[in-house]
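Thanks, everyone, for making the time this morning.

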Amino acid sequence: MDTSDIIHDGVSIKIYSADEPDKVVISFTDDITAFYKIKKAVINGKGVWCNNISSMISRALQKEGVPTYFVRQLNDTQQLCYKVNVFQLEVIVRNVIAGSLSQRLGLAEGTVPAEPIIDLCYKNSSLGDPLINEYHAIALGLLRKEELERIKDLTVKINEILVPIFKSIGITLVDFKIEFGRMPDGSIVMADDITPDSARFWDIETGERLDKDRFRNDSGRVGYAYQTVYERLKTLNL
Ligand code: 5GP
């Protein structure tokens, strides 16, 4: 593909225009960064594993009636998706306390809250994607109130679909980040890839981290973590 038609030159994904004007090609790379790009590396195979993980999850969600921007997997590193207007909002679901919430509230990692927690963050990397509440999201004009309600409903549904899928392959879905977008007809779709880059996966038996925290924490065997999630999901034929 000609790189002149690149729409978004990200680290772990690059977005290209597709032959059909209402779609884009999302291409997954082997690059990994953390701490707002201060830490960088290349993990051979990561693009293939993430594209496959994301495609399997998108198909599973669509099968259960969740609208997503995913159209189909094109090859090992690329998927075709609908072009959508993505809200400047990150939605984080937390089934187990970890990461920034653990630090912010002084709670031990691994604490299970009485019910899943949904955080909203303003997607603005120069501000560090700050935590906001629903009032901020509406007042800042990030989206309309009814769109936020729809996103909350879809987020709960996505979590309810994914938790048992991961449990069935011996993985606790600790937390994950998703974004949403508006289709040309005004409908709301999940517009994101769920991968070990954007979610925390812990092995149920051993507690082993199977996600980007291995890179953030210098635990080593980062590729092994991504490959393990990919291989276990593959057994489900999603
Ligand atoms: P935390 O708030 O602990 O940093 O992150 C919670 C979860 O959301 C983690 O699984 C983390 O990987 C994901 N997450 C948070 N912010 C981002 C982001 O800007 N990009 C991606 N890909 N994932 C994020």
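I will begin with the surroundings of the ligand and then turn to a pair of helices.

Please keep in mind throughout that what you see is a predicted model. Around the ligand there are 14 residues, and those that come nearest are Arg 94, Ser 100, Asp 175, Arg 200 and Arg 216. For three of these I can give you a distance from a polar side-chain atom to an oxygen atom of the ligand: it is 2.7 Å for Arg 94, 2.5 Å for Ser 100, and 2.9 Å for Arg 200. As for cover, the ligand taken alone exposes 490 Å², and the protein buries 77% of that area.

What kinds of residues make up this shell? Eight of them are charged, while three are polar and three are nonpolar. If you trace where they sit in the chain, strand 9 (89-94), helix 2 (99-105), strand 12 (171-178) and strand 15 (199-203) each contribute at least two residues, and strand 9, with three residues, provides the largest share.

Now to the helices, where I would point you to helix 1, residues 46-63, and helix 4, residues 145-168, whose axes come within 10 Å and cross at roughly 125°. At that angle the two count neither as roughly perpendicular, which ends at 115 degrees, nor as roughly antiparallel, which starts over 145, and helix 1 and helix 4 are therefore oblique to each other. Their crossing is right-handed.

Terms used
Residues are numbered from 1 along each chain as its sequence is written. This is a predicted model: local features need pLDDT of at least 70, side-chain atom pairs count only at pLDDT 80 or more; totals for chains, interfaces and linings use all residues. Side-chain values use heavy atoms; hydrogens and water are left out. A residue is near a molecule or strand if one of its heavy atoms lies within 4 Å of it. A polar contact is a pair of N or O atoms within 3.5 Å; within protein, one must be able to donate a hydrogen and the other to accept it, and residues adjacent in sequence count only if both atoms are side-chain atoms. Accessible areas come from the Shrake-Rupley method with a 1.4 Å probe; for residues, only the protein chains shown count as cover. Helices (H or I, at least four residues) and strands (E, at least two) are DSSP runs, numbered from the N terminus. Ala, Val, Leu, Ile, Met, Phe, Trp, Tyr, Cys and Pro count as nonpolar, Asp, Glu, Lys and Arg as charged, and the others, Gly among them, as polar. Axes are lines fitted to C-alpha atoms, for helices over the stretch in contact, and angles run from 0 to 180 degrees between N-to-C directions. Angles under 35 degrees count as roughly parallel, over 145 as roughly antiparallel, 65 to 115 as roughly perpendicular and the rest as oblique. A crossing is left-handed if the near helix is turned anticlockwise from the far one by less than a right angle, and right-handed if clockwise.
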